[in-house]
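Visitor: Could you walk me through this one? I'd like to hear what lies behind the labels.
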Amino acid sequence: MLFRLFSALLLALSFAYAGEPNLPEVQAPWMKGERLEFDLCWGPITAGSASLEVKPAKDGKTEFLTFATGNKTINKIYPVNDTIYTRVRNKGLMTEVFRKSLHEGSFHNKSIIRFDRKGEKAWLSDTVFKDPVKHIVKRSADTAVAIQGLEHSIMSAFYLVRTMPLTVGDTSRFSAVSGKKRYELKVLVHGREKMKTALGSFNTVKVEPVLDGDGIFNSKGRIFIWFTDDDKRIPVLMQCEIALGSIKAKLVKVE
């Protein structure tokens, strides 16, 4: 549950970018390479860790990698090992392929999305395994989702937000995509805050993604992300408020 909420922090920024077809090449500092490490906390308890990594690739492309796992105590009770891989074009951070592998207790899921921009389709293959080692399948489905050509995956959307001006008081509106559904997403910029972390004090910008209507995040509570108030836009804290408390991803290391 804790680690799926970490994924929700990223998924909340999975929107369709309403930009021009001729997209600019992203020149953010972290495009040259970056690794961010987080502690995953539920209230006062540190239950695991996660990382976000940027790796430059060939031919004007970049790879984003996300890992999440429980600590030794948690993994003895409920083993967790989640991985997300995304390859994007540097122009507009348009996703070419998105792969997700979740191993959480007895739940084992692998999915892949390939984006066909010209054909305006996103091809999804999703498989849940009874036994991932022996490749015994519990259920599997292949789906084609209609897109308009500029939709993002979870990770490319998250990084694209890091390139936005994030002017206090502004509200950006997008079409959010989750599975086969499309929602209206607002990105609210609440204000600037001084924040103390394990790495020191930072000037930050507080952002909240909100889905209108009966969005998929209503039951998970409000989500907030604090980015550094500079050109790097490093997420120093990601927080999801739920009925049982607060789930937080706290930045502990930057490379």
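Visitor: What makes something count as a helix or a strand here, and how many of each does the protein chain have?
Guide: The protein chain has three helices and 15 strands. Both are DSSP runs, numbered from the N terminus: helices are H or I with at least four residues, strands are E with at least two. This is a predicted model, where local features need pLDDT of at least 70, side-chain atom pairs need 80 or more, and totals for chains, interfaces and linings use all residues. Residues are numbered from 1 along each chain as its sequence is written, and side-chain values use heavy atoms, leaving out hydrogens and water.

Visitor: Why is Thr86 called buried?
Guide: Buried means under 20% relative accessible area, with exposed over 50% and partly exposed in between (1.4 Å probe, protein chains only). Thr86 has 0%, so it is buried. Its place is in strand E5, residues 81–89.

Visitor: And why does Glu53 get a label of buried or exposed?
Guide: Glu53, in strand E3 (residues 45–56), has a relative accessible area of 16%; that is under the 20% cut-off, so Glu53 is buried.

Visitor: What makes the pairing of Glu53 and Arg35 a polar contact?
Guide: Their side chains come to 3.0 Å. The term needs a pair of N or O atoms within 3.5 Å; within protein, one must be able to donate a hydrogen and the other to accept it, and residues adjacent in sequence count only if both atoms are side-chain atoms.

Visitor: Which residues does Glu53 touch?
Guide: Contact means heavy atoms within 4.5 Å. Setting aside residues up to four places away in sequence, Glu53 touches Glu34, Arg35, Glu63, Phe64, Leu65, Phe67 and Tyr159.
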